[in-house]
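Here is a short note for a colleague who is new to this structure. The points below go from the overall fold to single residues and pairs.

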Amino acid sequence: MNKLAYQHIKIKAGRINVDRFRQIIKVLIRYQIDKISIGEQQTIYYQGIKENELLSKSIETLNFSFQTENNYNLVSSIPALDILASSHWIHAGVYSKIAQSFPKIKPLSVRVVDPSQRLVSLFGSQVNFIASEQLNFWYLYIRNLDGTYFLWPVMINSNSVGGTYQILCELLTNNIYLDNKTLVKLFNQQNVSISTRNYLEQPKIESMEFPYFDGLHYTGKDYWFGFSGAKGYFTTKELDVFFVLLENIKVKEIYINLRGGLIIKGIDADKVPLLNQWIKRSTFKTGRAFNELGWQFDGLDLKAYNLKNGFSKQLSERGNENYGFSLKLIPKNQLNLFKEDTDYVIAYSSFLPFSSIFDRYKLYIKKSKNPLDGIYAQVGYSQSYEEIVENLYTKLKSESTLQINNFILEQEEINKVESNQEKNTQLYICEECDTIYDPEIGDINQGILPGTDFKFLPEDYACSVCGAHKSAIKEIQINFN
């Protein structure tokens, strides 16, 4: 009896092109894998038959590393880039260059993280590079066998991160019981050039709580949202259709978060309603944050804090939709619409910390997609608390009524076209013996996997029956309708 095993697909540094992700999903669907999860090391994993070599090879033909155990991947903070605050010298190129400097096989788990980007924990791997305040230098923490962490005596330059990791792998995989002092001594004896820098002062890195990343958020120029599988996993068929939606709204990349979820960045404001409607109809888990407005207010303003809580409760009691819009609460004497960039603005009097029957409010709605042009329309005039709540709810509800039905109809048409394309299969026939080469079937006897297009066959490929050269095999069109 074939045993099931959890099998992992490595995703380099947690970032993957949407189209590439969809290719993986299509392979899994072909082999009847109906659900996937996101692993702790920023990997895709699923449960399947361990001995299924065809599936393994199909994944490998997509140039993804694949294995069933000891899967230590590179974890990085890149999912949080352009979302949360970052160290002044960190950018995507830094992560990319470092990721490329690591060996393909990583015997020790490793992470390269920025303390400012809090979507990824700083520690947790055996080797942990943590960005310092100094340009292109990293703190290095090694996890000991007892679970404690040893701070390396010097900082490591970005150009030397990969080399440092390789030396540590050679030393620690041969002797996991090396004490820290001996490890440093043996490291310094290696005939390898490693760029380092002494500490100006000892680093002060504190453990921190993660922000609640699920749901829709606004960065000031565009939107991003995080989501996870409702039951701890995603269905492959639902993801397949979702990736088509992402292609339609021009999202090119998706990020795998360390906490078992996915992150999409750079969503245009005019695409948000369509995305909202899809999420409402899916099984994706977006948590509380997605079911609330993106609130902006002065955290030290007690009046704003109380208003936010009050509005949230009122909207929830009315049957809050997945609005996904941003709203700013601001005192009337500080209002300057030309400096605002949220979908809605509520201006309020700030004389008392709590709402009273004497308070009046004004509601403004953004009328332009340009975030900083100050074009807002006022809804009504000065309003009471009850009036402002009702108007806010009505406007939000009307703005979020865009249906995804048109997208579903379009997708059905796409599926019909794809289905017809599958029926009008491109086949290839040997002119010497009439043997058919079908890309969907491949040629297992010669190591050609199913799904291999004829143009990707090796130049020395020959007909499996008569041995005729590849040049004797010609394209034909067969219609199965």
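1. Helices and strands here are DSSP runs, numbered from the N terminus; a helix has at least four residues and a strand at least two. The protein comes to 11 helices and 26 strands on that basis. Keep in mind that this is a predicted model.

2. Start with the overall numbers. The protein has 481 residues, and 48% of them count as buried. Its accessible surface comes to about 24900 Å². Carbon and sulfur atoms hold 49% of that surface. Take the contacts with a separation of 6 or more: residues 24 or more positions apart account for 65% of them.

3. Look next at helix H3, residues 92-101. Which of its residues are buried? They are Val 94, Tyr 95, Ile 98 and Ala 99. Seen down the axis of H3, these buried residues fall within an arc of 125 degrees, so they line one face of the helix. The face turned away from the buried side carries Lys 97 and Gln 100, both exposed. What do the buried residues of H3 pack against? Their partners are strand E6 (74-76), strand E7 (110-113), strand E9 (137-143) and helix H4.

4. Two backbone angles deserve a check. Most residues other than glycine have a negative phi. Asp 82 has a positive phi, near 70 degrees. Asp 82 sits in the loop between E6 and H3. Its relative accessibility is 55%, so Asp 82 counts as exposed. Asn 136 also has a positive phi, of about 65 degrees, and is not a glycine. Asn 136 is found in the loop between strand E8 (127-131) and E9. With a relative accessible area of 28%, Asn 136 is partly exposed.

5. There is a nonpolar patch on the surface. Leu 145, Ile 176 and Tyr 177 form it, with about 390 Å² of accessible area together. Tyr 177 lies in the loop between helix H4 (161-174) and helix H5 (180-188). Is Tyr 177 buried or exposed? It counts as exposed, because its relative accessibility is 65% and the cut-off for exposed is over 50%.

6. Now the aromatic rings. The count comes to 20 aromatic pairs. One of them is Phe 311 with Tyr 385, a stacked pair at 5.5 Å centre to centre and 10 degrees between the planes. This pair links distant parts of the chain: Phe 311 is in helix H9 (residues 302-317) and Tyr 385 in helix H10 (residues 385-399), 74 residues apart. Both Phe 311 and Tyr 385 are buried. Another pair, Tyr 428 and Tyr 437, is tilted, with 6.4 Å centre to centre and 50 degrees between the planes. Tyr 428 is buried, at a relative accessible area of 9%. Tyr 437 counts as buried too, at 4%. Finally, Phe 225, Phe 227, Phe 234, Phe 242 and Phe 284 form one aromatic cluster.

7. Salt bridges come next. Side chains of opposite charge can pair when their charged atoms come close. The structure holds six salt bridges. In one of them, Arg 22 meets Asp 240 at 2.6 Å, N to O. Arg 22 and Asp 240 are both buried.

8. Arg 360 forms a salt bridge with Glu 387, the closest N and O atoms being 4.0 Å apart. Arg 360 lies in the loop between strand E21 (344-348) and strand E22 (361-366), Glu 387 in helix H10, 27 residues apart. Arg 360 is partly exposed, at 33% relative accessible area. Glu 387 counts as partly exposed as well, at 40%.

9. Lys 470 and Glu 459 make another salt bridge, with 3.8 Å between the closest N and O atoms. Both lie in the loop between strand E25 (436-437) and strand E26 (473-479), so the pair ties together parts 11 residues apart in sequence. Lys 470 is buried, with a relative accessible area of 10%. Glu 459 is exposed, at 60%. One network also deserves a look: salt bridges that share partners join Arg 22, Lys 26 and Asp 240.

Notes:
Residues numbered from 1 in each chain as written. Predicted model: local features only at pLDDT ≥ 70, side-chain atom pairs only at ≥ 80, totals over all residues. Heavy atoms only, no water. Patch = residues over 30% accessible without salt bridge, like charges linked within 9 Å, V, L, I, M, F, W, Y side chains within 5 Å. Areas by Shrake-Rupley, 256 points an atom, 1.4 Å probe, with all protein chains shown as cover. Salt bridge = Lys/Arg side-chain N within 4 Å of Asp/Glu carboxyl O. Buried < 20%, exposed > 50% of the residue type's maximum accessible area, 1.4 Å probe, protein only. Contact = heavy atoms within 4.5 Å. Arc of directions from axis to C-beta. Phe/Tyr/Trp six-rings, centres within 6.5 Å; stacked < 30°, edge-to-face > 60°.
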